[in-house]
Amino acid sequence: MRIDWTALPEAVTKEVADRVGGLRVVPATTGDHAEIAATVTGTSGTVFVKAARSDFGVRSLRFERRVSEAVSGPHSPAVAWHFEAAGWLAVGFEHCAGPHADLSPGSPGLELLGGALTVLGETPAPDVPLFSPQARLGFDHPAMSGDTLVHTDLGPANLIVTRHGLRIVDWAMATRAAPWVEPAMLTPWLIGAGHTPEQADRWLARQPAWRSADPVVLDHFAAKNAAKWASKSAGSTAPWMRDLAAWTAQWSAYRIKTGPGGSVGGGDGEDYGGCHVEGVAGGQV
Ligand SMILES: Nc1ncnc2c1ncn2[C@@H]1O[C@H](COP(=O)(O)OP(=O)(O)O)[C@@H](O)[C@H]1O
Ligand SMILES: [Mg+2]
């Protein structure tokens, strides 16, 4: 849950100001997991600062810092510095300037994400104790196990299109899993960005990681994920939860309609020839 920058004690803000050469602070307007998340500018440049003081927040931010340090790929902002003061952990990340990625069908952001997915699908999990699929998702399947780095939260708010390319932020949920888990977790965001479930499946079928998955396992994943968000949203009024419940339900309903393992991609290499049912795509559930 986000709190205001002014809640930081002077011991922390002074340390930040010393490193950045000033304190022009613009709080982040998206995301709400990190306690403090803000762009800070000074004479030495611009840094993105995350800070936490609760036990959970500090553990989570420490984890995110370790993962970010270990993920040295071109798509992740570097950790510039970190310190602890007055009970707070503060981490300064390389600042990524640009808009969030538009993931609507045919958008340039989608193309950039496709490239990043290919890189991620080939990135071994770093030597950091990452989440397991069960711990991250609350459900499991033997085929979800693997040794690939999976971000698991590639919604538009965590994707920034900079003039140097796409940057993926917020590695707080990084998981060690099979590579197909990443694109599978992307489906609700694609549907939320205007893809029909069939379009989402088709686009993902271009990903080698997706094609490595058994379609029946994808069906299982879709059903479990939809059930999870249906149950979560039933106990909440949060609009984002309702959205995720609707998008995961649409994908699962589409896969059920196309028959066991009959949807696009998975297992059959380049052959995307699943049996598609006209008129189902995009249907409400
Ligand atoms: N390194 C960064 N550079 C620029 N903006 C960032 C950076 N990291 C995060 N942001 C912005 O701040 C928002 C919140 O940060 P994020 O790390 O996603 O925190 P949360 O855990 O609260 O979702 C993101 O949605 C993004 O817009
Ligand atoms: Mg975020």
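Me: Why is Ala86 called exposed in this model?

Reply: Happy to start there, with the reminder that this is a predicted model. Ala86 has 11 other C-beta atoms within 10 Å. The cut-off for an exposed residue is 12 or fewer, so Ala86, with 11, is exposed. Ala86 is found in the loop between β4 (79-85) and β5 (88-94). Its phi is positive, about 50°, although Ala86 is not a glycine.

Me: What makes Asp170 buried?

Reply: The count around Asp170 is 24 other C-beta atoms within 10 Å. A residue is buried at 20 or more, therefore Asp170 qualifies. Asp170 sits in the loop between β8 (165-168) and β9 (175-177). Asp170 also has a positive phi, near 70°, and is a residue other than glycine.

Me: And why is Gly31 called partly exposed?

Reply: Gly31 has 16 other C-beta atoms within 10 Å. Buried needs 20 or more and exposed needs 12 or fewer; 16 lies in between, so Gly31 is partly exposed. You will find Gly31 in the loop between β1 (24-27) and β2 (36-42).

Me: Which residues is Gly31 in contact with, leaving aside its neighbours within four places in sequence?

Reply: Those contacts are Ala37, Ala157 and Asp170. Take Ala157: Gly31 and Ala157 are 126 residues apart in sequence, while their C-alpha atoms are 6.8 Å apart in space.

Me: Which residues are closest to ligand 1?

Reply: Gly31 and Asp170 turn up again here, together with Ala28, His33 and Phe48, as the closest of the 19 residues that surround ligand 1. By class, this shell has 11 nonpolar, five polar and three charged residues.

Me: Which domains does the shell around ligand 1 draw on?

Reply: Domain 1 (5-94) and domain 2 (108-257) each supply at least three residues of that shell. The centres of these domains, taken over C-alpha atoms, are separated by 26 Å. Where the domains meet, 16 residues of domain 1 are in contact with 17 residues of domain 2. The side of domain 1 that touches domain 2 has six nonpolar, eight polar and two charged residues.

Me: How do you know that the span of helix α9 agrees with its number of residues?

Reply: Helix α9 (residues 239-257) has 19 residues, and at 1.5 Å a residue these should span 27 Å. The end C-alpha atoms of α9 are 27 Å apart, so the two values agree. Just after α9, Gly259 takes a positive phi of about 90°.

Me: What covers the buried residues of α9?

Reply: The cover includes α5 (181-192), α6 (197-204) and α8 (215-234). Among the buried residues of α9 are Leu244, Trp247, Trp251 and Tyr254.

Me: How do you know that the radius of gyration of the chain agrees with that of a compact globule?

Reply: For 285 residues, a compact globule would have a radius of gyration near 19 Å; the chain has 20 Å, so the values agree. The C-alpha trace spans about 60 × 40 × 30 Å along its principal axes. The chain comes to nine helices and nine strands, and buried residues make up 43% of its 285 residues.

Technical notes: Residues numbered from 1 in each chain as written. Chains lettered and ligands numbered in written order. Predicted model: local features only at pLDDT ≥ 70, side-chain atom pairs only at ≥ 80, totals over all residues. Helix = DSSP H or I, 4+ residues; strand = E, 2+ residues; numbered from the N terminus. Expected span 1.5 Å × (residues − 1). Contact = placed C-beta atoms within 7 Å. Rg over C-alpha atoms; globule rule 2.2 N^0.38 Å. Near = placed C-beta within 6 Å. Nonpolar A, V, L, I, M, F, W, Y, C, P; charged D, E, K, R; others polar. Domains from an automatic or database assignment.
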